[in-house]
Amino acid sequence: MDSETARRAALDGSVVLIDVRNPDEWLRTGIGEGAHPISMQDPAFLDTLLELVDGDRDRPLAIVCAAGGRSAQVARALSAHGFSTVHNVDEGMMGSPAGPGWLGRGLPTVPWEG
C-alpha cells in the first residue's frame, strides 16, 4: 500500500494506520496525519494495539515505518498473531524503492506530543 492510499484509508476509517517508528523519529518528522504512534520497540506494543482496535483482530491495519522494512516485519508478526488484514506501507515515511514516501509526497504530518 502506498502512503497516499494509507492516508486516505486511515482518514475514512477503513484502516487503522500504525506508525511503528521510535519517538526520536516521530520528533524529527512528525506523525502522518491519521496515524497512531506505537513504537515496535514498546514492550506493550501488542496490548496497546489491541486496546486501540477494541480487541478486534479483523480490523484492517496499515503499518508504516521509515522505509518499509520494519513495517513489513511488524505486518508479518501481526498476521502470525491472528490479525486478518495487515497492509505494509512499503514506501514508508522517508521513501524507498517502492515510492517517494509520505514526506516525499508532501502528505500532512502532525507533531508528536510525547
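Mentor: A salt bridge here is a side-chain nitrogen of Lys or Arg within 4 Å of a carboxyl oxygen of Asp or Glu, and the model we apply this to is a predicted one.

Trainee: How far apart are the closest N and O atoms in the salt bridge of Arg-8 with Glu-4?

Mentor: Arg-8 and Glu-4 are four residues apart in helix H1, and so they are separated by about one helical turn. A salt bridge forms between these two residues, and its closest N and O atoms lie at a distance of 3.1 Å.

Trainee: Which residue is the partner of Glu-91 in a salt bridge?

Mentor: Glu-91, in the loop between strand E5 (86-88) and helix H5 (101-104), is paired with a residue in the loop between H5 and strand E6 (109-110), 14 residues apart, so that distant parts of the chain are linked. The side chains meet at 2.6 Å, N to O, and the partner is Arg-105.

Trainee: What is the relative accessible area of Asp-56?

Mentor: Asp-56 lies in the loop between helix H3 (45-52) and strand E4 (61-64), and is one of the residues that form a negative surface patch. Asp-56 is partly exposed, and its relative accessible area is 33%.

Methods: Residues are numbered from 1 along each chain as its sequence is written. This is a predicted model: local features need pLDDT of at least 70, side-chain atom pairs count only at pLDDT 80 or more; totals for chains, interfaces and linings use all residues. Side-chain values use heavy atoms; hydrogens and water are left out. Patches are made of residues with over 30% relative accessible area and no salt bridge: like charges are joined within 9 Å, nonpolar side chains (Val, Leu, Ile, Met, Phe, Trp, Tyr) within 5 Å. Accessible areas come from the Shrake-Rupley method with a 1.4 Å probe; for residues, only the protein chains shown count as cover. Lys and Arg count as positive and Asp and Glu as negative; His and the chain ends are not counted. The place of a charge is taken as NZ of Lys, CZ of Arg, CG of Asp or CD of Glu. Helices (H or I, at least four residues) and strands (E, at least two) are DSSP runs, numbered from the N terminus. Buried means under 20% relative accessible area, exposed over 50%, partly exposed in between (1.4 Å probe, protein chains only).
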